[in-house]
There are 2 protein chains.
Amino acid sequence: MVGKSQIKFIKSLQQKKYRIQYGMFVVEGIKTVQELLNSHFIPHMIFCTDPDILVAEKGLVEIISETDLKKMSTLKNPNKVLGVFKFNEPQRIDEDDWILALDDIRDPGNLGTIIRLCDWFGISHLLCSKNTVDCYNPKVLQASMGSIARVNIVYTDLVEFIKNTRLPIYGTYMNSNSIYSSTLPKKGILIMGNEANGISNDVGKMITSKVSIPHFGANATESLNVATATAILLNEIRRT
Amino acid sequence: MVGKSQIKFIKSLQQKKYRIQYGMFVVEGIKTVQELLNSHFIPHMIFCTDPDILVAEKGLVEIISETDLKKMSTLKNPNKVLGVFKFNEPQRIDEDDWILALDDIRDPGNLGTIIRLCDWFGISHLLCSKNTVDCYNPKVLQASMGSIARVNIVYTDLVEFIKNTRLPIYGTYMNSNSIYSSTLPKKGILIMGNEANGISNDVGKMITSKVSIPHFGANATESLNVATATAILLNEIRRT
């Protein structure tokens, strides 16, 4: 039996201000909770409707009813497990490989998908501008499918960060050089801009290499969704 | 002033069964409605809160209040224009280029993003299995950002279609040949599978070329979102 105050606490973590106040966040689903348990994230409490589906430290998991799980969950169909984890201390950014930097990505689904892409393409460090959506937002976590366990996400002032790096700064702009014919370096920073407005002016001034993704067909759409554009660019970076 | 029965009719088109009954669908937003007006889709009625923002045939556009627009809209913040269009007659599939085929894609956001990708990469024909989400679903249309105006979408039995084509059939499978080292032909059919289950067994048996998207990093995620995987594969097809 889970107490009312516990349910209230867990539900409060749906809001960013309470996540910051407590330094904790909620994830749901067997797969994601298990991946976080296997990572450097520190669990605070784990609730589960089935004693046999998780590999976890003894005493950490509390078995609860489906009714109680439903009370805590943000999902229409809760998936057996809910975990509360502590925020991760951001690690030092390693400048020995490509780094992805997000300039005000607002859509939680896009951020989650991009975290999953970083994981797939072995991009260890993801920089987010301060106005980028919170990576502990439930919708981000759902779209990232546990990949948050393997990507170091750091919220920072992008302009300040770029000032202090010697890495080349890449950004996509219409009508610039095709990414297909660009020789990409072994390391650099790839900037992806906001869904509606693209890369901000202040960050844009610091781009050293403008590239474009070619489009095909006579009257094609002018833009790609930012997550699919990121997929194409990370693929280009890694395939060389 | 818009009548109650008109509003009821428009709202009914949010459901697939009424879309099929009337052979019509609703799109919202200036950009998407304008793109459909410029395409081969036939408008049935267009509502607009501002007389000067659309380029349309005289007499086609009815100027309405924001209150009335809100009553018809599925959006929290309706965007000035709402159009009702007639279903498009599917065109003949042209087998002279790459064709994308979706095997039971269920998420409307994924289908919309994939339609936008087809538009970007000049893929004119998109085959959808009968269980793929309806392309006139409001969430699909919103994610496709008007690209539905330029992509011929045909719902069909994929197995039957493949039986009658001589094109090579490509599908992605873990641990198969890397797409980077595959020499891709000038034309073919690329199959993308369901979000949870991948390519179905019946369609899988007909694949002639299995390829994989390489992943990087030691403990990477096992899977990519289907829309981002489609982005990478269409990019590989076009970049050669």
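The C-alpha centres of domain 1 and domain 2 of chain A lie 30 Å apart. Those two domains span residues 4-86 and 99-239 of chain A, with the bounds coming from an automatic or database domain assignment. Before going further, note that this is a predicted model, in which local features need pLDDT of at least 70, side-chain atom pairs count only at pLDDT 80 or more, and totals for chains, interfaces and linings use all residues. Residues are numbered from 1 along each chain as its sequence is written, while chains are lettered from A and ligands numbered from 1 in the order in which they are written.

The contact takes 13 residues from domain 1 of chain A and 8 residues from domain 2 of chain A. Here, "in contact" says that the C-beta atoms of two residues, placed from the backbone, lie within 7 Å. On the domain 1 side, helix 2 (16-22), strand 1 (24-28) and helix 3 (30-37) of chain A each give two or more residues. Helix 3 of chain A gives the most, with 4 residues. Helices (H or I, at least four residues) and strands (E, at least two) are DSSP runs, numbered from the N terminus. Sorted by class, that side of domain 1 of chain A has 5 nonpolar, 4 polar and 4 charged residues. For the classes, Ala, Val, Leu, Ile, Met, Phe, Trp, Tyr, Cys and Pro count as nonpolar, Asp, Glu, Lys and Arg as charged, and the others, Gly among them, as polar.

**The four-stranded sheet**

In chain A, 4 strands make an open sheet in the order 1-4-2-3, with mixed pairing. Two strands pair if DSSP finds at least two bridges between them. At the edges sit strand 1 and strand 3 (61-63) of chain A, each pairing on one side only. From one strand to the next, the twist averages 20 degrees. Axes are lines fitted to C-alpha atoms, for helices over the stretch in contact, and angles run from 0 to 180 degrees between N-to-C directions. Helix 3 of chain A lies across strand 1, strand 2 (43-48) and strand 4 of chain A, at about 35 degrees to strand 4 of chain A.

Now look at strand 4 (residues 81-86) of chain B: 5 of its 6 residues are buried. A residue is buried if 20 or more other C-beta atoms lie within 10 Å of its own, exposed if 12 or fewer, and partly exposed in between, with C-beta atoms placed from the backbone.

Here are some strand pairs, each with a pair of bridge partners:

| Strands | Sense and bridges | Bridge partners |
|---|---|---|
| Strand 1 and strand 4 of chain A | antiparallel, 5 bridges | A:Val27 and A:Gly83 |
| Strand 1 and strand 4 of chain B | antiparallel, 5 bridges | B:Val26 and B:Val84 |
| Strand 8 and strand 9 of chain B | parallel, 3 bridges | B:Ile169 and B:Ile189 |

**The six-stranded sheet**

In chain B, 6 strands form an open sheet in the order 7-6-5-9-8-10, and the pairing is parallel. Its edge strands are strand 7 (152-155) and strand 10 (209-212) of chain B. The twist averages 35 degrees from one strand to the next. Helix 9 of chain B packs on this sheet and touches strand 8 and strand 9 of chain B, its direction making about 165 degrees with that of strand 9 of chain B.

Over in chain A, A:Tyr170 lies in strand 8 (residues 169-178). Is A:Tyr170 buried or exposed? A:Tyr170 counts as buried because it has 23 C-beta neighbours inside 10 Å. Leaving out residues up to four places away in sequence, A:Tyr170 touches A:Gly188, A:Ile189, A:Leu190, A:Ile191, A:Ser209 and A:Val211. A:Leu190 is 20 residues away along the chain, yet its C-alpha atom is separated from that of A:Tyr170 by 4.7 Å.

**How the chains sit together**

Between the chains, 27 residues of chain B are in contact with 27 residues of chain A. Helix 5 (108-120) and helix 9 (226-239) of chain B each supply at least two residues of the touching side of chain B. Helix 9 of chain B gives the most, with 7 residues. That side of chain B divides into 11 nonpolar, 11 polar and 5 charged residues.

A rotation of 180 degrees with 0.0 Å of shift along its axis superposes chain B on chain A (RMSD 0.0 Å). The two copies are therefore related as by a two-fold rotation axis. Copies are superposed by least squares on the C-alpha atoms of residues with pLDDT of at least 70 in both. The same surface serves both copies, as 100% of the contact residues of chain B recur in chain A.
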